[in-house]
Amino acid sequence: EWPIYQSWLRVFQTEGHDLAVEDYVQCIGSDFEVWSPEKLLEELTGKTYDWPTINAARQVEIESDLEGVDPLEGIVELLDWLQAKHIPAAVVSSSTHRWVDMWLETLNLLPYFKEVVCRGDAPKIKPAPDLYLEGAKRLHIPAEQCLVIEDSLNGVRSAKSAGCLAFAVPSRLTNCLKFDIADKAFSSIEEMASELKTVFEK
């Protein structure tokens, strides 16, 4: 998400405006129906923009910025542990399959997940519960028995609405938010994984 935010920040700065993280995080985990940087810039400048052209250029920048990126620290170790314990895992994202599947394959993470649920696989994206309900359905596990690990407030809202247990691990972008609605919040994947292992191995 950070390179995406940076791409938007550059667009705003080109027009002589700032884009505060605290504003941008409103759309993290969802889409521009929740909050739109496009609408904000148009309101600030009084202009209209060729968004398809601008967004196509942003996409090229984002993919360039992400070249050589590694998985989040601690995530491979956690996935190895889940796999060893035969605990099924799924990815549930408001992004498109094109984007999510590409990065799961690039980072060699796809084999760890039994299901990948994305925009279009359910009627509504986060913060609605639909995607998590679809994920639970595909795993053949009741939603109330699923643990969701989220880095966005929209994602936590979605998980809780679906009836799931929700752990929050804020990202570089979302650590400015309060995750009071999460069942528990952690400062890192490693910290969350440590508690998860303690619970499962009792």
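Me: At what angle do helix α1 and helix α3 pack, and how far apart are their axes?
Reply: Happy to start there: this is a predicted model, where local features need pLDDT of at least 70, side-chain atom pairs count only at pLDDT 80 or more, and totals for chains, interfaces and linings use all residues. Residues are numbered from 1 along each chain as its sequence is written, and side-chain values use heavy atoms, leaving out hydrogens and water. Helices here are DSSP runs of H or I with at least four residues, and strands are E runs of at least two. Helix α1 (residues 2-14) and helix α3 (residues 37-45) pack with axes 11 Å apart, at an angle of about 10 degrees.

Me: Is α1 roughly parallel or roughly antiparallel to α3?
Reply: Angles under 35 degrees count as roughly parallel and those over 145 as roughly antiparallel. The packing angle is about 10 degrees, which makes α1 and α3 roughly parallel.

Me: Which residues of α1 and α3 make the contact?
Reply: Contact means heavy atoms within 4.5 Å. The residues divide into seven nonpolar, no polar and one charged, with Glu counting as charged and Trp, Val, Phe, Pro and Leu as nonpolar. From α3 come Pro37, Glu38, Leu40, Leu41 and Leu44, and from α1 Trp8, Val11 and Phe12.

Me: How many helices and strands does the protein chain have?
Reply: Along the sequence the pattern reads α-α-α-α-α-β-α-β-α-β-α-β-β-α. The secondary structure comes to nine helices and five strands.

Me: What is the radius of gyration of the protein chain?
Reply: Taken over C-alpha atoms, the globule rule is 2.2 Å times the number of residues to the power 0.38. For 202 residues a compact globule would be near 17 Å, which agrees with the chain's 18 Å.

Note on methods: Axes fitted to C-alpha atoms, helices over the stretch in contact; angles between N-to-C directions. Parallel < 35°, antiparallel > 145°, perpendicular 65-115°, else oblique.
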